[in-house]
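Hello,

Here is the structure we talked about handing over. Please open it alongside the notes below.

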Amino acid sequence: MKKKNLSSFIKEIDSNNFIQIHKSFVINKNFIKEIKAKELILKDYTILPIGRNFKKSI
């Protein structure tokens, strides 16, 4: 199996529900509780960083 980067994975699944928020994180939009300046909080209160290159896509 060939390794893929996250951006190609998102294109492959072709879903509007998933977004890349960091070079290491892809999330389902339905699980977002709150968006802050540099972090995103999920409904289960997990805090994830937002990469500066991905802020525009959120």
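**Strand pairing**

Strand 3 pairs with strand 4 (residues 39–42) in the antiparallel sense, over 3 bridges. Keep in mind that this is a predicted model. Ile32 sits opposite Leu42 in strand 4. Glu34 faces Ile41 in strand 4. The two strands make a hairpin, and 3 residues lie between them.

Now move to the other side of strand 4. Strand 4 also pairs with strand 5, again over 3 bridges and in the antiparallel sense. Here Leu40 stands opposite Leu48 in strand 5. This second hairpin has 4 residues between its strands.

Put together, 3 strands form an open sheet in the order 3-4-5, with antiparallel pairing. Which strands stand at the edges? They are strand 3 (32–35) and strand 5 (47–49). Each has a single partner strand, so one side of each is left without a neighbour in the sheet. The twist averages 25 degrees from one strand to the next. As a reminder, strands of a sheet pair through backbone hydrogen bonds, either parallel or antiparallel.

Tyr45 is a residue to look at in the loop between strand 4 and strand 5. Its phi is positive, about 70 degrees, although Tyr45 is not a glycine. Is Tyr45 buried or exposed? Tyr45 is exposed, because its relative accessible area of 58% is over the 50% cut-off.

**The nonpolar core**

The largest nonpolar core has 8 residues.

What does Leu48 touch, leaving aside its neighbours within four places in sequence? Its contacts are Ile21, Phe25, Ile27, Lys38, Glu39, Leu40 and Leu42.

Start with His22. His22 lies in strand 1 (residues 18–22). His22 counts as buried because its relative accessibility is 18%, and the cut-off is under 20%. Beyond residues up to four places away in sequence, His22 touches Pro49, Gly51 and Phe54.

Next, Asn28. Asn28 is found in strand 2 (residues 25–28). The Asn28 side chain reaches the backbone nitrogen of Asn30 at 2.9 Å. Leaving aside neighbours within four places in sequence, Asn28 is in contact with Asn17 and Phe18.

Arg52 sits in the segment after strand 5. Arg52 counts as exposed, because its relative accessibility is 75%. How far is Arg52 from Glu12? The two are 40 residues apart in sequence. In space they are 24 Å apart, C-alpha to C-alpha.

**The whole protein**

Some overall numbers to finish. The protein has 1 helix and 5 strands. Along the sequence the pattern reads α-β-β-β-β-β. The C-alpha trace spans about 35 × 20 × 20 Å along its principal axes.

Buried residues make up 24% of the 58 residues. The accessible surface comes to about 4800 Å². Carbon and sulfur atoms account for 52% of that surface. Of the contacts with a separation of 6 or more, 18% are between residues 24 or more positions apart.

Best wishes

Technical notes. Residues numbered from 1 in each chain as written. Predicted model: local features only at pLDDT ≥ 70, side-chain atom pairs only at ≥ 80, totals over all residues. Heavy atoms only, no water. Buried < 20%, exposed > 50% of the residue type's maximum accessible area, 1.4 Å probe, protein only. Contact = heavy atoms within 4.5 Å. Pairing = 2+ DSSP bridges. Axes fitted to C-alpha atoms, helices over the stretch in contact; angles between N-to-C directions. Core = buried A, V, L, I, M, F, W, Y, C linked by side-chain atoms within 4.5 Å. Areas by Shrake-Rupley, 256 points an atom, 1.4 Å probe, with all protein chains shown as cover. Polar contact = N/O pair within 3.5 Å; in protein donor to acceptor, adjacent residues only side chain to side chain.
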